[in-house]
Amino acid sequence: MKQETIYQFRSYLKDQGYACSTIAAYIRTISDLEEPPDTTDPLILMAYVECSADIKRRSLTPSNFISARGALRSYFLMKTGVRFRDFRKQHTAIDQNDPL
């Protein structure tokens, strides 16, 4: 991930009042990920978050994965202004046969 993106995320977390230890953990978590798409489109960012979470799920312990998921969801909120959970509820398939 680009240093500019990491700096932007760190500043956002600071402005939101996150603890220094949480900021450090979130930055460590996302710094090795692919650069996110340069967009505020929630659908595109949701796909990025879900793909990145899947990568982290395979490489982290369950407790570290929870932190990684929090970092990714905070990044989504920073870029879109919408909570990931709320957006996902509105835009995921009701059943397996429903495309949205």
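This is a predicted model: local features need pLDDT of at least 70, side-chain atom pairs count only at pLDDT 80 or more; totals for chains, interfaces and linings use all residues.
Visitor: Which residues does Phe-9 touch, not counting residues up to four places away in sequence?
Guide: Happy to start there! Residues are numbered from 1 along each chain as its sequence is written, and side-chain values use heavy atoms, with hydrogens and water left out. With contact meaning heavy atoms within 4.5 Å, the partners of Phe-9 are Tyr-26, Ile-27, Ile-30, Ala-71, Ser-74, Tyr-75 and Met-78.

Visitor: Where is confidence highest in the protein chain?
Guide: The chain averages a pLDDT of 90, and 92% of the residues score at least 70. Helices (H or I, at least four residues) and strands (E, at least two) are DSSP runs, numbered from the N terminus. Confidence is lowest in helix 5 (residues 84–91), with a mean of 88, and reaches its highest mean, 96, in residues 3–15, which form helix 1.

Visitor: Is Ser-74 buried or exposed?
Guide: Ser-74 sits in helix 4 and touches Phe-9, Tyr-12, Leu-13, Tyr-18 and Tyr-26, leaving aside residues up to four places away in sequence. Buried means under 20% relative accessible area, exposed over 50%, and partly exposed in between (1.4 Å probe, protein chains only). Because the relative accessible area of Ser-74 is 8%, this serine is buried.

Visitor: Which helices do the buried residues of helix 2 pack against?
Guide: Helix 2 spans residues 20–30, and its buried members are Ile-23, Ala-25, Tyr-26, Ile-27, Thr-29 and Ile-30. They pack against helix 1, helix 3 (42–59) and helix 4 (62–80).

Visitor: How many residues apart are Asp-32 and Lys-56?
Guide: Their side chains meet in a salt bridge, with an N to O distance of 2.7 Å; the term covers a side-chain nitrogen of Lys or Arg within 4 Å of a carboxyl oxygen of Asp or Glu. Asp-32 belongs to the loop between helix 2 and helix 3, while Lys-56 is in helix 3, so this pair links distant parts of the chain. Asp-32 counts as exposed at 56% relative accessibility, whereas Lys-56 is buried at 6%.

Visitor: What separates Asp-54 and Arg-57 in helix 3?
Guide: These side chains also form a salt bridge, at 3.7 Å from N to O. Asp-54 is partly exposed at 34% relative accessibility, and so is Arg-57 at 46%. Because they stand three residues apart in helix 3, their separation is about one helical turn.

Visitor: How many disulfides does a search of the whole structure find?
Guide: A disulfide is a pair of cysteine sulfur atoms within 2.5 Å. Cys-20 is exposed, with a relative accessible area of 64%, and Cys-51 is partly exposed, at 45%. Across the whole structure, the number of disulfides found is zero.

Note on methods
pLDDT is the predictor's confidence in each residue, from 0 to 100.
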